[in-house]
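These are my notebook entries on one protein model. I set down what I looked up, entry by entry.

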Amino acid sequence: MSQEKLRIAIQKSGRLNEDSLKILKDAGISIDNGKEQLKASSRNFPLEVMYLRNGDIPQYLRDGVVDVAIIGENVLIEKGKDIIQGEKLGFSKCRVSLAVPKSMKYNGINDLDGKKIATSYPNTVNEFLEKKGITAELHIINGSVEIAPNIGLADGICDIVSSGSTLFKNGLKEVEVMLKSEAVLAISPKISEGRQEILEKLQFRLKSVLNARTSKYILLNAPNENLENIIKLLPGMRSPTVLPLAEEGWSSIHTVINEERFWEVIDELKQNGAEGILVAPIEKMVL
């Protein structure tokens, strides 16, 4: 009898596909990936990958055709609010925003009252406008919504924005950010008990990768008279490792710091007499 496999859906092409495969690879999962395959299995973990259209994934999760998926949070908010959201995965970050032509004088959300908005996110737009007490006519378009104002189909658009270059090229300006999104792990409400156990192992691995991606391993030399101050600056995982150096009056300190505070911490360490600061990436971080 073959071992039960966890069925995971990922987008079949594009940036989200590449980043999804990379995080699985970083979690030690090898996928035999042939060109144009709709399905692929891992040779070293009980996992089967299904390559699907992003917009179809919520329904596959709902029906229990797949057990989990790596999907944009924005798609889950639009099409799958009933689906369980697991870990945020830290990639494919974007905004879902309202944009209008640059030539339009925009003073606030009330300027959209009674206007036409082109979008492929009708539920998200309706909910946002309802909260603001605004009524607008929606044109639902699948595809390049940014051309709608130029061809007279709409007064504004709602779409995902990463760098804003697509809006700029089409003579549009971003005026309202409705939500911020990134890739998340979504879980089917119909996942079986056996597959739930495999999912927990997968989540443990993903968390180790995510912790490593947001942390740096730091080694430095410090004068002993400043040790107390320097240790206060370094929270670490539990507490820093302190080892005496061959040179009297000096110690070596090893710890982990969060990337967000990295430069701020480095500046403070230097002010407290730290020298020979080495910083290294962390491949995995098991807590």
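How many aromatic pairs does the count come to by the rule applied here? I took the rule as follows: rings of Phe, Tyr and Trp (its six-membered ring) pair if their centres lie within 6.5 Å, with planes under 30 degrees apart counted as stacked, over 60 as edge-to-face and the rest as tilted. The count comes to 1 aromatic pair. F262 and W263 form it, edge-to-face, at 4.8 Å centre to centre and with 75° between the planes. I then looked up the accessibility of both partners (buried means under 20% relative accessible area, exposed over 50%, partly exposed in between, with a 1.4 Å probe and protein chains only). F262 is buried at 11%, whereas W263 is exposed at 63%.

Entry on the source. I note that the model is predicted, that local features need pLDDT of at least 70 and side-chain atom pairs pLDDT 80 or more, and that totals for chains, interfaces and linings use all residues. Residues are numbered from 1 along each chain as its sequence is written, and side-chain values use heavy atoms, with hydrogens and water left out.

Entry on domains. The bounds come from an automatic or database domain assignment. I read domain 1 as 6-90 + 183-212, domain 2 as 94-181 and domain 3 as 215-281. Between the C-alpha centres of domain 1 and domain 3 I found 38 Å.

Entry on the sheet. Helices (H or I, at least four residues) and strands (E, at least two) are DSSP runs numbered from the N terminus, and two strands pair if DSSP finds at least two bridges between them. I traced an open sheet of 5 strands in the order β8-β7-β9-β6-β10, with mixed pairing. Its edge strands, β8 (137-140) and β10 (172-181), each pair on one side only. Neighbouring strands are turned by 25° against each other on average, direction ignored; axes are lines fitted to C-alpha atoms, for helices over the stretch in contact, and angles run from 0 to 180 degrees between N-to-C directions.

T119 stands opposite C158 in β9. Helix α4 (122-132) packs on the sheet and touches β6 (94-101), β7, β8, β9 and β10, its direction making about 95° with that of β10. Contact here means heavy atoms within 4.5 Å.

S92 lies between β5 (84-88) and β6. Its phi is near 55°, a positive value in a residue other than glycine. At 26% relative accessibility, S92 counts as partly exposed.

Entry on cores. A nonpolar core is a set of buried Ala, Val, Leu, Ile, Met, Phe, Trp, Tyr and Cys residues joined through side-chain atoms within 4.5 Å. The largest one has 29 residues, and I8, I70 and L202 have the most contacts inside it. Elements that each supply at least two residues include β1 (6-11), α1 (15-26) and β4 (68-72). The largest share, 6 residues, comes from α6. Among the residues that I70 touches, I listed I8, L16, I23, F91 and V184. Another core, of 16 residues, lies apart and includes V96, L98, I109 and L179.

Entry on I218. Is I218 buried or exposed? I218, in strand β12 (215-223), is buried, with a relative accessible area of 0%. Its contacts, leaving aside neighbours within four places in sequence, include I253, I257, L269 and V279. The C-alpha atoms of I218 and I198 are separated by 34 Å, though 20 residues apart along the chain.
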